Amino acid sequence: MSMTHKQLEEYILSKPGAKLEYPFGEDVAVYKVGGKMFALIAEGKTPARISLKCDPVLAQHLREKYEEVMPGYHLNKKHWNTIIVSGQLDKQEVLDLIDLSYNLVKGVKND
């Protein structure tokens, strides 16, 4: 099942300390925790496109397994994936990847 931008955003903003900003202009919603990005959603795209930080080994595995998972758009390709949320990954997998990104970023004090 695919998720909408609004559904993704509601879940992301339910995370403790998560904030929405538009540092790159109105085309991309940026979600941060502790001042660091952990998710980006392109505005006005159907299906929704979300970029998430990911463990590099898992990121590569997901890209090989799913057509809708690509290296992060305009981001460090080793650590970020962009996912077209069209239903290839189920809802729980997408939510788990949001959780992973949040936890990776929240756990980083300096990088």
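Colleague: How many of the five residues of β4 are buried?

Modeller: Four of the five, so β4 is largely enclosed by the rest of the structure. Buried means under 20% relative accessible area, exposed over 50%, and partly exposed in between, with a 1.4 Å probe and protein chains only. Strands are DSSP runs of E with at least two residues, helices are runs of H or I with at least four, and both are numbered from the N terminus.

Colleague: And where do the numbers come from?

Modeller: This is a predicted model, in which local features need pLDDT of at least 70 and side-chain atom pairs count only at pLDDT 80 or more, while totals for chains, interfaces and linings use all residues. Residues are numbered from 1 along each chain as its sequence is written, and side-chain values use heavy atoms, with hydrogens and water left out.

Colleague: Which strand is joined to β4 by five bridges?

Modeller: β6, residues 80-84, which runs antiparallel to β4. R49 has I84 as its bridge partner there. β3 is also antiparallel to β4, with three bridges between them, and L40 stands opposite S51. Two strands pair if DSSP finds at least two bridges between them.

Colleague: What sits between β3 and β4?

Modeller: Six residues, and the two strands form a hairpin. In the turn, G44 has a positive phi of about 75°. P47 is in that loop too, and the peptide bond from T46 to P47 is cis, with omega about -5°.

Colleague: Changing topic: how much space is in the largest pocket?

Modeller: About 390 Å³. Of its 16 lining residues, V28, A42, S51, Y73 and H74 are the closest to the centre. A pocket here is an open set of points on a 1 Å grid over the protein atoms alone, where a 1.4 Å probe fits and protein lies on both sides within 12 Å along at least five of seven lines; lining residues have an atom within 4 Å of a point. The volume is the space filled by probe spheres set on the points, which are joined across faces, edges and corners.

Colleague: Which strand gives the most to the lining?

Modeller: β3, with four residues. β3 (36-42) and β4 (49-53) each supply at least two. By class the lining has nine nonpolar, three polar and four charged residues.

Colleague: You mentioned H74. Buried or exposed?

Modeller: H74 is exposed, at 67% relative accessible area. H74 lies in the loop between β5 and β6 and has a positive phi of about 60°, although it is not a glycine.

Colleague: On to α2. Which of its residues are buried?

Modeller: A59, L62 and R63, in a helix that covers residues 56-65. Seen down the axis they fall within an arc of 100°, so they line one face of α2; the arc is that of the directions from the helix axis to the C-beta atoms. The face turned away carries the exposed residues V57, E64 and K65.

Colleague: What does the buried side pack against?

Modeller: β5 (69-71), β6 and α3 (91-106). Contact means heavy atoms within 4.5 Å.

Colleague: And P56, what is that in contact with?

Modeller: K78 and H79, leaving aside neighbours within four places in sequence. P56 lies in α2 and counts as partly exposed at 27% relative accessibility. The C-alpha atoms of P56 and K77 are separated by 8.8 Å, and the two residues are 21 apart along the chain.

Key: Nonpolar A, V, L, I, M, F, W, Y, C, P; charged D, E, K, R; others polar.
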